[in-house]
Amino acid sequence: MLALGCYDALTEAGLSCPKDISITGYNDMPFADRFNPPLTTLRIPHDQIGVQSSLLLLRMMRDPAVIVPSMHLEPVLVVRGSTAGIQK
């Protein structure tokens, strides 16, 4: 939603995206591709976060002394029209 506000602020300032300023969002909202121009964003794997968190919680319930592992879940950069100079 912050990115949408940035689009409005650019318009009010007489600037355009991505010609004058690139805008990148976070969380890849379902309607990010409907912005004008479509919003480049970082897609977070929410489903994987939920599954891994649930599995970890179940492990901890079975064994409270379990060592909590470090996990890394890859986000995905979704390049759309709001960023200049990035190849699609």
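Analyst: D28 is buried, with a relative accessible area of 14%; buried here means under 20% relative accessible area, exposed means over 50%, and partly exposed is in between (1.4 Å probe, protein chains only). Keep in mind that this is a predicted model, where local features need pLDDT of at least 70, side-chain atom pairs count only at pLDDT 80 or more, and totals for chains, interfaces and linings use all residues. Residues are numbered from 1 along each chain as its sequence is written, and side-chain values use heavy atoms, with hydrogens and water left out.

Now for the partners. The structure has two salt bridges, a salt bridge being a side-chain nitrogen of Lys or Arg within 4 Å of a carboxyl oxygen of Asp or Glu. In one, D28 pairs with R43, with 2.7 Å between the closest N and O atoms. R43 sits in strand β2 (residues 40-43) and D28 in the loop between β1 (24-26) and β2, so this pair ties together parts 15 residues apart in sequence. Strands are DSSP runs (E, at least two residues), numbered from the N terminus. R43 itself is partly exposed, at 38% relative accessible area.

D28 also meets R80 in a salt bridge, at 3.0 Å from N to O. R80 lies in the segment after β3 (76-78), so this contact with the β1-β2 loop links parts 52 residues apart in sequence. R80 is buried, with a relative accessible area of 14%. Through shared partners, the salt bridges join D28, R43 and R80 into one network.

Methods: Helices (H or I, at least four residues) and strands (E, at least two) are DSSP runs, numbered from the N terminus.
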